[in-house]
Amino acid sequence: MTKVTTGATMSLDGYIADTSHGGFEHLFQWYGNGDVEIPTATPGMTFRTSAASAQHVRELTGRTGALVVGRRLFDMTDGWGGRHPMDVPVVVVTHRVPEGWDREGDSFVFVTDGIEAAIERAKALAGDKEVGVNGGTIATQVLQAGLLDEVHIDLVPVLLGDGIPFFAGLRIAPVQLEGPTRVVQGKEVTHLAYRVRKEG
């Protein structure tokens with residue numbers, strides 16, 4: 001059965017972005033604070049992390065067969081220039097297909113009939129690999145639908161003071177997690193994984 005995971009880089013006070021959907025210069029410093037290069041599918045985008053973080057990122061990339069993202073993240077990144085840096089197909093949850101894009105292509109599939117349909121489509125694309133869910137709003141919807149198996153956190157030593165939490169507006173709280181099932185200490189980041197405890 002295909003595992004569905006979500007992950008985010010998070011501040012110590014629990015935010016994945018500041019109030020203006022920024023703050024990434026503080027949150028994402030670990031992607032450039034080391035000397036091990038990690039090329040991506042995006043031309044000109046190469047991460048330089050610590051050895052421990054590099055191994056963590058490579059393993060995560062190797063396990064991931066497809067992504068599910070929301071329309072906001074797709075628009076904020078301008079569709080990653082046509083191909084996601086992880087070089088996997090991306091299912092975009094949206095109310096309408098953006099102009100200039102095919103409903104279904106090699107890089108992006110646009111699903112307009114809800115989160116369950118998006119996860120089902122992503123599982124078909126991922127095969128025997130994991131489905132990754134990106135963006136706090138989409139992650140919250142997947143968790144509330146009972147479809148999420150793991151939560152990954154890249155915890156960085158910064159306090160944003162205010163901002164956007166990972167699971168904002170969660171209607172089924174509290175949700176019990178098990179773990180951490182994985183702890184990797186990188187340079188100025190701790191990579192953590194938790195299993196979502198399934199009821200019944």
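In which loop is P174 found? In this predicted model, in which local features need pLDDT of at least 70, side-chain atom pairs count only at pLDDT 80 or more, and totals for chains, interfaces and linings use all residues, P174 lies in the loop between β10 (164-165) and β11 (177-186). Residues are numbered from 1 along each chain as its sequence is written, and side-chain values use heavy atoms, with hydrogens and water left out. Helices (H or I, at least four residues) and strands (E, at least two) are DSSP runs, numbered from the N terminus.

Cis peptide bonds were examined at two proline residues. The bond from A173 to P174 is cis, its omega being near 0°. A cis peptide bond also links G179 to P180, with omega near 15°. P180 belongs to strand β11, whereas P174 is located in the loop that runs between β10 and β11.

Positive phi values were considered next. H21, a residue other than glycine, has a positive phi near 60°. H21 is placed in the loop between β2 (15-17) and α1 (24-27). With a relative accessible area of 29%, H21 is partly exposed; the classes are buried for under 20% relative accessible area, exposed for over 50%, and partly exposed in between (1.4 Å probe, protein chains only).

D78, likewise not a glycine, has a positive phi near 55°. The loop that holds D78 is the one between α3 (71-76) and β6 (90-93). D78 is exposed, its relative accessible area being 62%.
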